[in-house]
Structure formats: C-alpha cells, structure tokens
Amino acid sequence: MSSVAREWREVPGRYNLKGTKCANCGTIYFPRRDFCPKCRRAGIGKIEEYDICRTGEVYTYSIVYDAPAMCDMIKPYAVVMVRTDDGVMIAGQLVDVDLEKVAIGMRVRAVMRKLSTDGESGIIRYGYKFVPAE
Amino acid sequence: MDVGIVSYGGYVPRYRIKPEEIGRIWGVDGKSMGKGLMIYQKSVPSPDEDVVTIATEAARYMMDRVPDVDPKDIGAIYVGSESHPYAVKPTATIVAEAIEATPAMTAADMEFACKAGTAGIQACMGLVGAGMVKYGVAIGADTSQGAPGDALEYSASAGGAAYLIGSEKVIAKINKTLSFTTDTPDFWRREGQPYPKHGGRFTGEPAYFKHITSAAKMMFEAMGTTAADYKYAVFHQPNGKFPTRVAKQLGFSDEQIQYGLLTPNIGNTYSGAVPLGLANVLDHAEPGDRIFVTSYGSGAGSDAFDITVTDEMANYRRDNAPTLEKVMADPIYVDYGIYAKFKGKILMPE
Amino acid sequence: MRDVAIIGAGVTKFGELWDKSFRALGIEAGIKAMSDANLSGNEIDGIFIGNMSAGQFIKQKHIDALIADYTGMATNHIPATRVEAGGASGGVAFRQAVMAVASGMHDVVMVGGAEKMTDMDDVSINSVLDATADAEWEAGMGVTFAGLHAMIANRMIHDGIATREEIASFSVNSHFHGALNPNAQFRKAITLDTVLKSGPTATPLGMFDCAPISDGAAGLVLCPLEDAKKYTDSYVKVSAVAQASDTLALFQRPDITTYQATVEAAKRAYEQAGITAQDIDVAEVHDTYTVTGIMALQDLGFYKRGEAGKAVLNEECHFDSGKIAINTSGGLKARGHPIGATGVAQIVEIVEQLRGSADKRQVENAKYGLAQNTGGTGSAVTVSILEAM
C-alpha cells in the first residue's frame, strides 16, 4: 500500500498548483519551496504563497509508448513541459488530445484527473494534467 | 429572500461511442436501437476521469463565472451521484478542496439514482433560505455503468453540472421547488455489484412517467401555470424518447425542450442529466425567461423547479467558461475495444 | 594532496547474466582488478562501491558490507562505503576513492561498481529508473525517465541543435564499438535505419536510442602515484576528477538542451589537469539515451553547440578516426548499463586505452582520456581525466 500521508500533504500543489514566491528576488517556485535557493539566508521568512497560472503553452513534449503501470490504460500518451502564462515550467501529461497534433507552442490548461490508483481497494491519487486550450 | 442560481458550470468527457458500434459487438441492430431510444451517441469517460474529476471541472467552470465570489463563502457542497469513486470517502471533500472552499463548510455525497443532483439543489436552497450558509454548491455527476450487452449499455454515459446556490446576484431565481416520492423499485444496484438492474418496461409508466407527471402537475397547480407559461422545460432524460413523450403529455412543445435535451447527443448522464440540460438552457437564456424543470430518480422520486432568469444574467460572466455546446463539440470517437478498456470491462492481470 | 594512480582495472561481461548473482558479479570484478594490480588483497585499506538500487533490484541493502565480506576484505575489517548518485553512482564512488588516496587517509583503495537489474521485471525496473528524476513531480505525474530525455531531444530538434538522424547516429557509433568489445552486451554493428525504425519508447526516441537493462560489475585499484611502480609497470595517472550538481527536476532548469553540471564539471576537470578539451584523445560519455551522448559532446567542449550530431553522423567519433574517439567500449547503449557499474566501467575502458590494451578498438597513441558519468537528467555529473604514463 502506498503512503496515504505522502499524497495527502501534496494536495495543494497537485490539485490547485499552489506554489511559492520569494519576496526577496521574485522567483516563483513550483513545486513549492520554502527556502529560496537563489537568496538562501536572505530569503528566509520572505517566502509567500503563490497561485500558479493554470494556462500556458507546450515548451516541449513526447509521446510515451513505454508506459509505467499508472498510465497503462492510456498509452500511448503525451507528456509535456508547459511554460505557464506566469513563466513557470511544469512537467505533466497532456490528455484528451489528438497525439498527432501535439506540438511545441500549443496552448494548454491544467485540469484535475486521476493520476493513479493503489490497486482496486487503495487510495485514488488526483492531480493536474493538461488538456488543449483555445 | 430570493434564493436561486448564482452560477453554474457543466462538463462532459470528450470521448463518444455510437450505438451501432455497441450493437456490432452484441449482434444487435444498434442503429435501430439508437433510433428507438433517440440516442445517437454517448459520452465515455477517459480512464483518468471519474465523478470527482467531472464534478471538479464543472465546479471550476462554475467558479470561473463568478470571479467575485470568495470560495470561502461556500458553506455547503453536495455531490449527487450513483458512481462515486469511493463507497466510503466523500467525493464532495475532494471537490471542495479543488475549488478551495475548505475548511469552514459542510459536505456530503448524495445518492438518489438519477436525481441526486437536483436533491442537492433543494438541500442548498434550504440552507441558503434559512440563512445557515451564504452559498451552497450542488453537483450532479455520474460515470454510469450499463452491463455489457444490456439495453443500458447504449445509454449510460458520463457528465455533470455544478450549481452555486445563493441569494445575492441570483441569475435565475427558483420560484418554487417540490417533490413527488414513492417506493417504486424500477432500477437498483446492490452494494458491491458492478452493474445496476432494472425492471424493464416497469421503468416506464409506473415509474418515470407517473413520478414526473405527478410532480409537474403539482407544480402547475401550486404556481397556477400551464406549459405555455414557460419558455423552456427540462426533464430527466434516460433516453431521448421518454422526455419527448412526457413533455408532450404535459403540453410542452419540442421547441421548449430543445435546449434541455442533451441525451441524444451524449447519452444518459444520470445524476448529471437534468443539471446538464438546465445548464444548456441557461447558456441560451435571457432575463425574464421562465424555465420548468423536473428530474426523476429511480426508486423513485421527482423534483420539480419553477425558475425565472433575472436581469442579473446581463452582468453575469457567462463567457468566463465554455458553453456546453463548446464543451460537447469536437468529440473523439472510440470503438468498442477502446470503450471496454476505458470502462474497465477487460479483466487485467494483477 | 598526493597524485593518484590506477594500478588495476577489471570488468565483467555486461548483459543479461541469468546465472550470476549480484555478489558473484562483485567478486569477479574485484578479483580481476586485484589480479591486474598484482595484489594479494592485504594491501587494500579501503573500499568504495558505486551502486544505485540493490535495495530495490535484489532487495539487498548494506551492500558495502556484502562486497567487503565476499571479496575477503572483511577479514581485515577495512572500511567499506557504498555510494549512490543515481546513474552517476560509479563515477562518484571513483571520486570518493581518489580523494581518499589523495588526502593520505588511504593508500591502496578498491573502487567497485555493480548492479544486478534482471532479477526484477521490466516494468518495475523502469519505475526504479524513473525515480532518479523527481519522484514526486516528474515520475509521480506520469513523466517517465525516457519521456524526459525524449522531451530534451524534441526541444533540441526544434531549436536546430541536432536533427533526429544526428541524434540516432550516436547509437550507431556505440554499436560500432560494441562489436569490437568482447565484454559488451551487444556485439553487433547497426545502421542508422535500425535506430530510426526501432519501436518507439518515447518519441522521437526508439528502442535503439535507449541503453539496455544490464547486469555487470567493474573494479579499479588506486594508490599514490609515487607508489604505483611498486605494484605494476602498467598504470595510469588520475589527472582530474571533478563533480557538479544541478536541480533534481529537469523542468526547473533555464535550458534543458545542455547539462550545466557537465559543463561545470568539465571546466573544473580541465583546470585540474591543466589541459583543454582538444587535448583529449578518447572519451567515454554517458549515453543512457542517444540524446545525452550528443549533449555530452557539446557540454564537454569537444564540439560546438549544433556540431556534435553532425560529427557523430559523419563517423568522426570512431576509435580510428584520428579525432576524439567516443565510447570505444560501446558506451552505455552497446556495452550495457548496469547502472552502478557504469561509471567505474567507463574508467576501466579509459585505463585500457591509455595503457594500450584495448585490442581491436585501440586508439593510437592515446595520452589523455576522459569519462563523463551522469545521474538522473544531469542532476549529478562526474568528469574524470586520466593520463597515460
């Protein structure tokens, strides 16, 4: 059985793209960082909550055929790095898309989907994936 | 106090299957079957979609349209479904977290076959009307199951809609709601069973038609109205045929039910059916339009609503989220093999 | 700090070694290295082992003790240390050993690298590899290790840094050399077409762009340079051993078409050795995927950005091309990639080249050799430079 607490504590990031921002240097972090690697000591106490923008564009992509167990039912599937409209890079899946049409520069938005399930009786992990946007 | 709809949002998965494709597998003339049911295609959830993700998408669209509403002012969230992903562990808490309404709120999952969504609207109306909460969210969503080869397999689909119920900036005032409820076992699913069972033609006259017409007539009587007083009507739609017939019995024309009838295009979304039909009507409605709504849930009961679209609709940011027509456009068609895989009908190794 | 020499080197055959256990492989490589250095074993006063995931692959942790025990070193109770840095485990273990000797804390040190992967099923193996990237925000989101590298490749193609054919040609170069290495997992030359038409793993990469799943082990013996002659006439000098790190997740880098950790480690290594990239005669680079091989050639300064792919496609990286010979062992792709063993096996190949014992793939008059070992998507990189004596 996978750890329930491990998933639960990441819910703000997984569901709602909650990140952080260093008020000292202005860098936005996703996943959240509570210690700014750029400012180090100077950033302590200056880390603020930050809502990452849910829309962006594909920076790069791949169609994955050799899938992990969690993606067995949807393979082949697209993985992407998305640069959100506030300039933050996020890696994830791009679903509900014609795989032939996936391209660098494509507009996408984050939605909530099932990421994996811990067998038939275990916990269901939910989190962000991307879908094509206008 | 005017209680009513402050915002709404609807979502339907992008995949579709046609009845002729289902019929091809089971040796049935699927095309005639679809014609008889008035279902020309049905939505299919992706393997990574369930009632939680559908309800969340609908609820996020709902919130997108009211950027001034603080989700922390939502005091209650009810998700009505007969296909909650967990038997024990609420869908509603996950949706609440996903729209950042937690933690000062109440939440629960509801089940009443296909009318759990409208039951949620009634519960929210009560809480708002009593001043217990500022806003309540009611969602009807399903990823319903039809047994392979069963008639239900041609109709059972996926989708859902979310409603923000409140008393400020109401875009559609709910003038009245009432229900007609009896113990009628026309359709059921026992605990632990993967597929529901139904009473065949028993689901018609004594069940669907009796409950809807009874609730509707009670509403006409209470409001002193007839079908002609409403611009639009939405009825529960297990297929296209039943709501068309019941509308006629109650004196409604095809034009009046046109926007509220989505089943021919997406199948029966169960708890999502009436909420989605109403959402599509609201996508087209203008101030002053009066809407008649009657849901039906097997087991059995009907909730009727008399609704009037207000002037607030002019200020409402309807364009902040896609219309249902847009959500339903550009589907991806799947064959039965993909459908069977998506729906978990293939026995997989450990 | 003392100068350090490599006085012994040994490697097992790499491949799907169904009849060999983890400990059997470890012993074999250790004995080969010890025999090569003409040691009885009593001279050794320290062991460093590179190993990534024995805890998952064979459910055995504490492999420092296991190796010390089964190589007979536990009878002398000498210290044994296991090092893990993803795919760079071997390279980092080597660096730890060099530092131990250079500092004077140890005199004769054994470096081992070993991995037994085939005792686990393929899907589970991939999930272990995926965890060398960010387990929460890459692997946990369904972004596989191959997927990450494929996204690098697509961006490189998009930015005009390399074409699909150029990237694929790295595999052809590796297989060309693998055919000449008796210890390689794949001893068959292939054509570009084979790579381009291989089944997709993560587009644009196919099966022949990816290093295989392998079992194997490699060993080295180090001592102070001034003592080397006491043991053997055939030794090489460690001129530099540098290491650098970067973000765990690939998506948090400003540019994913270069590994900054390679650039930095190389810069430090050239400084330590007092040479430049153009002085290198032969190099082993970390081609877990063809695309990382191309990146390495650019990040190490062998070729300018945009030119490495052309060079590989033009067969300029062959052992007999007269230019910098690349992956004469067959690289990770053809020699095989038993993860913890890889970084050490790269050094073994450079040792063979510099002392002239590389047989059919011998680079003529090789003076300087370099090994680049990578963990994750360039999150940890070692660059080592050896010099012929």
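Biologist: What volume does the second largest pocket have?
Modeller: Rolling a probe the size of a water molecule over the atoms shows where empty space is left. A pocket here is an open set of points on a 1 Å grid over the protein atoms alone, where a 1.4 Å probe fits, with protein on both sides within 12 Å along at least five of seven lines. The volume is the space filled by probe spheres set on the points, which are joined across faces, edges and corners. For the second largest pocket that comes to about 840 Å³. Before we go on: this is a predicted model, where local features need pLDDT of at least 70, side-chain atom pairs count only at pLDDT 80 or more, and totals for chains, interfaces and linings use all residues. Residues are numbered from 1 along each chain as its sequence is written, chains are lettered from A and ligands numbered from 1 in the order in which they are written, and side-chain values use heavy atoms, leaving out hydrogens and water.

Biologist: Which residues lie nearest the centre of the second largest pocket?
Modeller: C:N126, C:C210, C:A211, C:P212 and C:I213, out of 41 lining residues; lining means having an atom within 4 Å of a point. With seven residues, α5(C) gives the most to this lining; helices are DSSP runs (H or I, at least four residues), numbered from the N terminus.

Biologist: Where does the second largest pocket lie relative to the domains of chain C?
Modeller: Domain 1 (4-120 + 214-236) and domain 2 (122-211 + 239-388) of chain C both give residues to its lining, so the pocket lies between them. Those bounds come from an automatic or database domain assignment.

Biologist: Is C:T290 buried or exposed?
Modeller: Buried means under 20% relative accessible area, exposed over 50%, and partly exposed in between (1.4 Å probe, protein chains only). C:T290 has 3%, so it is buried. This residue is in helix α11 (residues 290-299) of chain C.

Biologist: And the backbone: which residue does a cis peptide bond join to B:G299?
Modeller: Most residues other than glycine have a negative phi, and most peptide bonds are trans. B:A300 is the partner here, with omega about 5°. Another cis bond runs from A:F30 to A:P31, with omega near -5°.

Biologist: What is the phi of C:N327?
Modeller: About 50°, a positive value although C:N327 is not a glycine. C:N327 is also buried, at 0% relative accessible area.

Key: Helices (H or I, at least four residues) and strands (E, at least two) are DSSP runs, numbered from the N terminus.
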